[in-house]
Amino acid sequence: MSLAETLDSEIEPVAPGHNGVLRGRYRVDLSRRLDFLASGENLAVQAFDTQDSAAQYFAVISNPYSVIRQRLAERMSESLVPGMVELLARGAVAFSDTDTRYVSVFEMPRGGLFFNAAEGPVAEKQIFDQVLTPVAQCLAALHKVKLTHRGIRADNLFFADDARLEVQLGEAITTAPGADQPMVYETLENAMAHPLARGEGVPADDLYAVGVLIVHLLGGVQPAADMSSEEIFAGKIKHGSFAFLTEGMTLSQRVSDLLAGLLQDDPKARWTADMLVNWREKIKDTPRRGRGDRRGFSKLAFGDEEYNSPHLLAQAMRAKPMAAMELLKSGQLAKWVKSALREEETANKISHLQGDSGGMSNRQKRNTTTAVAQATYLLDPEGPFWFNNVSFSLGGLDSLLLWAFHKDDTELKKSLAELFESGILLNIVTEQASANGRRLDWISESELFTCMEHMRRKKDAGAGLERCLYELNRHTPCLSPLMLGYHVRSVREFIEVAEKKMVSANGQANPFDRHAAGFIAAKTKGIDQFLQPMSGAAPGSADHTLIEVKLFARLQSAVHPGPLPGFCRWAEEALKPVFAKFKSRLRREVITQKFQSAKKIGSLIEILKAMDIDRQLAADAKEYHSALATAGQAERMAAFLANGTEQRRQAAARYGAWITSVLAITSLVSSMVVSALYFIG
Amino acid sequence: MAKEARKTAEIDSSTGKNIALFWVMVLSGLGLVFAPPTMLILIVGMIPSLVAILLKTERTGTLAAMLAFNLAGIIPVIGILWERGQNFQEAFKLLSDVYMWLAMFGGAGIAVFLAWAVPIVVFAAYELQAKANIAKLEKQRGKLVEEWGGQFVTDVKEYSQVGR
């Protein structure tokens, strides 16, 4: 069972000892599921107010890989957004020792879903009387503070009351912006982006969705439900959204005017929320209908078709990058842009992609994907950015990265890694910033530069795509296998949960993996001094383990000064290879004894201090070398003595002869002296 | 080079022997003229050394030791001869005394014994000393192995090979 499958499995009932209560007030009942309120990968269940038994709430239990739209959630927490379900509370809730999830509690829309496809179309009067006003008020409130809803669709519209009189929009904070929207609800700019990468978008996107919602409600079925995404996109471009979506429908003049204003393809000409609130009073003239994409004066042949729409041509080029590269090399694209679209500057930039000038490196120029990505971006700058099999709208990169990890999509992750590594996004952002004199708000240069740097050190711990994930998604909990199910969002929580795991596993668990490293590095300053040396040591080696222990010691001192017996037990297991590095038996025993003494305190810092491991290892190595020299010399000496019998024999012969000679001369002299004394004296 | 040095040493040794032989001949000649009984005792007493010279032993030290010991045994006999008047009658009388022969040849015998036994004793002492040193080194190595573990043995071999 994969990680994602494990997370998607059924939630177990609340375990004894855990009340499953949020903020001490909202009790979440896991047994009462409300599937019609569920969003994306999240679950919706009933919730109760412990202080008000009459209140009815629902809770959305977020998947760890789900995006939480923080700014929108904060706005909803501050005060009630008119025309939208009320957010009452949000936060982590413990359902068992091993199951803590992020929960958002909302006021229950008591009347249920507004639209039921089985009941057929909704009357025009009902739409005008019940839907438009609350939706317009909601959007006006959100757009005023530069927020978007991005979840306006028929199945996210509810009756707030039992009498089914008051209509309100559903929540849109527990999934990525626009992630649950059917493709037809998306504008030309966002339509072809990955559903999880549609981005926060602009207020005009919400207004467009309102237009599609009205068509949906009036028609009783989702518009163009039987068409593919490509067909819908091409239809909108060719005929204009209004004409394409309302084809075959009989519309009253006021509905026609309303939809013409809302389904305008040019976002600048589209109605705003304020206009929608008082459209009857404010709009005097019949709005101009959208005509899809701008048209070129002539057509350009690409593949089997001819194109005069830059949007459609860009889309076709994304589908066939090799052919697109050929078109780029031939110079026809630059000529067409210059002559048919009359965009000389864009034409020059496109010609630079095929030529030898420009700011790109030779390697990048040779890269077909990079060149086609840049060309399609220049052709369709408002559309999604395409790179290989990745397609995302402005601001949707972070949620797409999260999605790639959620689905463990190797190809998608590879493409995203190449995207960061290539620096193409950074080039575009820098170019945009210098051209417009302002920075783009969807992703900052510094974030992109940081991600590029992390990808260049992708083999290192605390770098790579995992680091980019946590840098771009600051509110995403740690997705390390050890942390899943605990909704760990800070290093302190990480240490606390890891400690629990260590204690229960008696130190056998591994608190350090690429996710843990990326998460810790993204949340802690100055931790790179520990992570960078890890690249020089093989994972699982003694050196690597020692750095891990030092890292967690640092984290303990910084965020969790209390005792960590579980971590100490883990360190004991993990440091066994380090202890084995001590060659001296005596030193090893002494170090082990010191470790055991320090372990009782539960402090990794004290353990490292007591062991003084680097100095001890250096001394051990030095002494070992000295012992080797001594032993080598002794061995050579023993061998010399064992093989020196003949030499000793010769030496003994020489010395024996010398002794004999001395004795002989002594005896001769003695004989002479004694004889002389005896006979003469 | 080494051959030349050896040749030079052989020439020097031969020259030294010739000089010694010259003086021996001169002294012997003078002795035969002025003290024939003494020379008789001397020549007879020096028979073991003369035999050793004739056998041309390579061990010069041994020969010198034999000459010295032999001479040390003869000197008291010559002393007795001179005390009794130094004539052939006394010389023959002494030569007929078995103790005189024992004194003269005994010195040579002692020389032969010492030349054989002393190197053996010295070698035995050397061997004992070497074995004691080897045992001491083995003990030291054992202590190091006990302290540094089994890998130490392999590393020492590698270290010794690199050292060579």
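A residue is buried if 20 or more other C-beta atoms lie within 10 Å of its own, exposed if 12 or fewer, and partly exposed in between. The model used here is predicted.

**Exercise 1.** Decide whether B:Gln86 is buried, exposed or partly exposed, then describe its place and its phi.

*Solution.* 
- Step 1: Count the neighbours. B:Gln86 has 15 other C-beta atoms within 10 Å, so the residue is partly exposed.
- Step 2: Find its place. B:Gln86 sits in the loop between α4 (60-84) and α5 (88-95) of chain B.
- Step 3: Look at the backbone. Most residues other than glycine have a negative phi. B:Gln86 is not a glycine, yet its phi is positive, near 50°.

**Exercise 2.** Describe the side of chain B that touches chain A.

*Solution.* 
- Step 1: Start with the totals. Chain B brings 39 residues to the contact, and chain A brings 39 residues.
- Step 2: Name the elements of chain B. Two or more residues each come from α4, α6 (98-148) and α7 (151-163).
- Step 3: Pick out the largest share. α6(B) gives it, with 19 residues.
- Step 4: Sort by class. This side of chain B has 24 nonpolar, eight polar and seven charged residues.

Terms used: Residues are numbered from 1 along each chain as its sequence is written. Chains are lettered from A and ligands numbered from 1 in the order in which they are written. This is a predicted model: local features need pLDDT of at least 70, side-chain atom pairs count only at pLDDT 80 or more; totals for chains, interfaces and linings use all residues. Helices (H or I, at least four residues) and strands (E, at least two) are DSSP runs, numbered from the N terminus. Two residues are in contact if their C-beta atoms, placed from the backbone, lie within 7 Å. Ala, Val, Leu, Ile, Met, Phe, Trp, Tyr, Cys and Pro count as nonpolar, Asp, Glu, Lys and Arg as charged, and the others, Gly among them, as polar.
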